[in-house]
Every structure is written in structure tokens, then in C-alpha cells.
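This briefing concerns the packing of helices and side chains in one protein model. Please view the structure below alongside the text.

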Amino acid sequence: MATDRRRPGVRGGVVPRLLVLAGAALWGTTGTTQAFAPTQATSASIGAARLVLGAVALALVAGVVRGFADARAYAAAGRRGATAAAMAAMALYQVTFFAGVARTGVAVGTIVALGSAPVFAGVLSFALRAERPERRWAAATLLAVVGCALLVASGREAEVDPLGVWLALAAGASYATFAVASKVLLDAGLRPAGTMAVTFGGGAVLLLPVLVGGDASWLLEPRGLVAAAWLGIATVGLAYLLFATGLRALPAATVTTLTLAEPLTAGVLGVLLLAERPGPLAVAGVVL
């Protein structure tokens with residue numbers, strides 16, 4: 001990987017990896033939570049509600065820990081592009097991920113989205129940051145690619161929707177863009193809580209018209225309120241704070257591979273709670 005000029009040991013360690021894995025496990029509950037939301041809740045409105053509530057939660061955390069830096073720090077030369085990219089990527093991720101999961105199922109949709117993200121992150125990190133992925137990362141990513149390919153090839157037996165798979169791939173690319181752009185901001189010395197609050201706040205503004213202009217009545221139902229609260233507070237506020245803290249000490253490509261704990265969690269929940277029954281090829285993809 002590219003040489004890190006920061007203090008020794010900042011790139012490695014067990015704790016940053018455990019933080020990312022914990023955040024990924026929380027993300028793994030996202031698709032299942034969507035499945036239990038009221039039927040009138042659309043993919044776009046769920047994604048928008050999640051982002052808005054998550055941005056509020058992160059802003060509160062950033063204020064408490066004094067991590068919400070002056071907005072000018074994110075608009076400074078060399079950071080403006082990364083900030084805008086992270087905001088737009090997170091907004092796009094919400095829409096494409098939930099739409100993909102709705103069309104092709106929790107297990108397959110989540111696994112394709114997150115399984116493809118390390119590939120996109122590795123390419124972006126190398127192209128934009130001159131970071132050469134390690135062989136271990138390459139091997140792990142290859143397995144993920146093969147696993148995703150088996151999932152796509154198992155379309156008939158696993159009832160995989162082609163458009164759903166493409167939407168999930170778009171979500172993977174969006175997530176990778178967000179991770180790499182966030183890494184740029186964190187490497188510039190900005191705090192994890194503040195960085196997540198700013199980028200999610202910008203993404204929330206982009207998706208706010210979707211929430212306001214669409215049917216948000218599902219948020220008034222107890223089940224909808226609980227689902228939105230869990231998605232915003234747990235899978236965004238807490239999960240992305242853990243993610244950003246780990247990302248600060250690890251390469252973006254490594255972090256995106258570690259987040260494959262999310263599809264593992266989602267796959268297990270899809271089978272145990274939603275009675276999803278992928279066929280043999282899909283199961284092989286999950287294992288890989």
C-alpha cells in the first residue's frame with residue numbers, strides 16, 4: 001500500500017478492524033428492517049428517512065464530542081471535491097441499495113452490493129490515491145467477485161432480478177466512492193464524527209425532497225416509526241461512527257472488504273427471519 005506518513009501503527013491493529021466489523025453487522029440488519037416496514041413505505045422514502053434521521057443522530061454526536069468542525073474545513077481547497085463526492089455517493093447509495101433489495105431480496109441484494117464494493121474501492125484507491133492493494137486483499141476480493149458472479153448466475157433458482165442486481169452493483173460503486181472520499185477527509189485530520197455528520201447531512205439534503213414529496217404516512221405507524229428509528233440511529237448514527245473511526249486507521253480498500261460482514265449478517269437474517277431460500281449456486285456465492 002502507499003506509504004503512510006502519519007504516526008507509526010495507525011494503519012493496523014485489531015481494534016479498528018473490530019470497529020468496522022461491528023458497524024458492518026449493524027448494517028446487515030438494514031434489509032431485514034426494510035422488509036418489516038409498512039407496505040406503503042417505498043425504497044426511496046425508506047432510504048431518505050434513514051439518511052435524514054441518521055444525519056440528525058450524527059450531528060448530535062458530533063456536537064457532544066466537539067467533532068463537528070467548521071464547515072469551511074470541508075469546503076477548503078483539496079477537500080471540497082471529496083466532501084461533495086461523499087455527500088452525493090451516500091445519497092445515491094440509499095436509493096439504489098433499497099431499490100435493489102426490494103427487487104431481488106435481502107440476501108442477494110445486500111451481498112451483491114457489498115461484495116462488489118471492495119472491487120470498486122480498490123480501483124478508486126489505486127487510481128486516485130496510488131494505493132496498491134495487498135495480496136491478501138486481492139485474494140479476498142477475488143472470492144467476493146466469484147461469489148457475486150454465482151449469485152447472478154443462479155438467477156432462476158434464487159429468483160434473482162437482473163435489474164435488482166444492477167441496482168445493487170450501483171449501490172456498491174456508490175458505497176466505495178463514499179469510503180474513498182471519506183478517507184481523504186479523515187486523512188486531512190478531520191474528526192470521524194464531524195466528517196460523518198457533514199457528509200450525511202449533505203446527503204440528507206439531497207434526498208429530503210424525496211421524503212417530503214412522497215408518501216411518508218408510514219412514519220406515523222408504530223411499526224414504521226420503530227423501523228425508521230432503528231435505521232437512522234443504529235444503522236447510520238452508531239454504525240457509521242464505528243466505520244469512520246476504523247477507516248481513519250485503515251486503507252479504504254481494506255475497510256470495504258471487512259464490511260463483507262454486512263452481507264453475511266443479512267444473509268443469515270434473510271434465511272432465519274424472512275424465509276428466503278437461495279438455491280445451491282446462490283448458497284455457494286454466499287459462502288465465497
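The model is predicted. Two packed helices are described by the angle between their axes and the distance between the axes.

**Packing of H5 and H9**
- Helix H5 spans residues 80–104 and helix H9 spans residues 162–187; their axes lie 7 Å apart and meet at an angle of about 155°.
- Because angles over 145 degrees count as roughly antiparallel, H5 is roughly antiparallel to H9.
- The crossing of H5 and H9 is left-handed.
- In the contact of H5 with H9, 20 residues are nonpolar, eight are polar and one is charged.

**Surroundings of Phe120**
- Phe120 belongs to helix H6, which covers residues 106–129.
- With a relative accessible area of 32%, Phe120 is partly exposed.
- Beyond its neighbours within four places in sequence, Phe120 is in contact with Leu169, Gly172, Ala173 and Ala176.
- The C-alpha atoms of Phe120 and Ala176 are 5.8 Å from each other, although these residues are 56 residues apart along the chain.

**The largest nonpolar core**
- The largest nonpolar core holds 68 residues.
- Those touching the most other members of this core are Tyr93, Tyr175, Phe178, Met196, Phe200, Tyr240 and Phe243.
- Met196, one of these residues, is in contact with Leu58, Phe178, Ser182, Gly201, Tyr240, Phe243 and Ala244, leaving aside its neighbours within four places in sequence.

Technical notes
Residues are numbered from 1 along each chain as its sequence is written. This is a predicted model: local features need pLDDT of at least 70, side-chain atom pairs count only at pLDDT 80 or more; totals for chains, interfaces and linings use all residues. Side-chain values use heavy atoms; hydrogens and water are left out. Axes are lines fitted to C-alpha atoms, for helices over the stretch in contact, and angles run from 0 to 180 degrees between N-to-C directions. Helices (H or I, at least four residues) and strands (E, at least two) are DSSP runs, numbered from the N terminus. Angles under 35 degrees count as roughly parallel, over 145 as roughly antiparallel, 65 to 115 as roughly perpendicular and the rest as oblique. A crossing is left-handed if the near helix is turned anticlockwise from the far one by less than a right angle, and right-handed if clockwise. Ala, Val, Leu, Ile, Met, Phe, Trp, Tyr, Cys and Pro count as nonpolar, Asp, Glu, Lys and Arg as charged, and the others, Gly among them, as polar. Buried means under 20% relative accessible area, exposed over 50%, partly exposed in between (1.4 Å probe, protein chains only). Contact means heavy atoms within 4.5 Å. A nonpolar core is a set of buried Ala, Val, Leu, Ile, Met, Phe, Trp, Tyr and Cys residues joined through side-chain atoms within 4.5 Å.
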